[in-house]
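Dear colleague,

Please find below the structure that I am handing over to you. My notes on what was found in it follow directly after it.

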Amino acid sequence: YYFNSINVIDGIKTFFYELAKKYKNKDLTIVYRYADINQLKRLKQYVRCVKFTGQKIECEKAFFSFNVDIIDYVKAKEYCLVIHGDYKMLKDKPPIHPKIDKYYGVSKTACESYTELTGKKCELTYNPISKEEIKPVIHLLSASRLKDKVKGQNRMKELVKALDSYCNKTGNKYQWTIFTDDYGEIDSKNVGYMKPRLDIRDYIADTDYVVQ
């Protein structure tokens, strides 16, 4: 299965991850040109991942999505194109290639729009999805004028370090929303900033803990 770029955030990369989990016992290889290191690490738990550098590839079935740029380097018994988008909406030219002999779409809309634009019949095959154990996320909230040094921003930074360390060790998660006049002082993927507002009580009622 070839895709040009495995980005840090991308719906198709979730598709790859679910595909890898479901078919990890098959001889499945994901081929790419560029990849985010964390996305690649996650995929490698389940399937073989190979960086394309111009090598020849032989396989039973070759799958392509938006990118068919390496298809002439691939020798396969079957060449498949998987349609992930509505090309009538995207306004992009739909990918086509004379070697492709099987067409699949991940939704009815994807199938119908591709067939209408190209005349190629698509078989509907929905994206795989698996169930995972869900851990609750602890929600914290602060509403404070943090430009004022007496409001405790330095102590908040220390608490964030401790919470981040704890979560990295245990796999637990938290989200700290800070309504303040001093954006971005605390650097953590678990901290989000909001502009100050007067109707704060609704947000307080919707959180687990208020931190002041």
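Against which strands and which helix do the buried residues of H4 pack? They pack against strand S5 (74-83), helix H3 (87-90), strand S6 (102-105) and strand S7 (123-124). The buried residues in question, from helix H4 (residues 108-118), are Ala-110, Cys-111, Ser-113 and Tyr-114. Just after H4, Gly-119 adopts a positive phi of about 80°.

Some conventions apply throughout. The model is predicted, with local features requiring pLDDT of at least 70 and side-chain atom pairs counting only at pLDDT 80 or more, while totals for chains, interfaces and linings use all residues. Residues are numbered from 1 along each chain as its sequence is written, and side-chain values use heavy atoms, with hydrogens and water left out. Helices (H or I, at least four residues) and strands (E, at least two) are DSSP runs numbered from the N terminus. Buried means under 20% relative accessible area, exposed over 50%, and partly exposed in between (1.4 Å probe, protein chains only). Contact means heavy atoms within 4.5 Å.

Nonpolar cores

A nonpolar core is a set of buried Ala, Val, Leu, Ile, Met, Phe, Trp, Tyr and Cys residues joined through side-chain atoms within 4.5 Å. The largest one has 21 residues, and those with the most contacts inside it are Phe-64, Ile-70, Val-74, Tyr-79 and Leu-81. Strand S4 (57-64), S5 and H4 each supply at least two residues of this core; its largest share, five residues, comes from S5. Apart from it lies another core, of 20 residues, among them Phe-3, Ile-6, Leu-19 and Val-82. Leaving aside neighbours within four places in sequence, Ile-70 is in contact with Tyr-2, Val-31, Arg-33, Phe-52, Ile-57 and Phe-64.

Aromatic pairs

Rings of Phe, Tyr and Trp (its six-membered ring) pair if their centres lie within 6.5 Å; planes under 30 degrees apart count as stacked, over 60 as edge-to-face and the rest as tilted. The whole structure contains 13 such pairs. Tyr-1 and Phe-63 are stacked, at 5.7 Å centre to centre and 10° between the planes. This pair links distant parts of the chain, with Tyr-1 in the segment before strand S1 (2-6) and Phe-63 in strand S4, 62 residues apart. Tyr-1 counts as buried because its relative accessibility is 10%, whereas Phe-63 is partly exposed at 24%. Tyr-103 and Tyr-114 form a tilted pair, at 5.8 Å centre to centre and 35° between the planes. Tyr-103 lies in strand S6 and Tyr-114 in helix H4, 11 residues apart.

Salt bridges

A salt bridge is a side-chain nitrogen of Lys or Arg within 4 Å of a carboxyl oxygen of Asp or Glu, and a search of the whole structure finds 12. Arg-48 and Asp-27 meet at 3.1 Å, N to O. Arg-48 lies in strand S3 (residues 48-51) and Asp-27 in the loop between helix H1 (11-22) and strand S2 (29-35), so this pair ties together parts that are 21 residues apart in sequence. Asp-69 and Arg-33 meet at 2.9 Å, N to O. Asp-69 is in the loop between S4 and S5 and Arg-33 in strand S2, so parts that are 36 residues apart in sequence are tied together. Salt bridges between Lys-77 and Glu-60 have their closest N and O atoms 3.4 Å apart, with Lys-77 in strand S5 and Glu-60 in strand S4.

With kind regards
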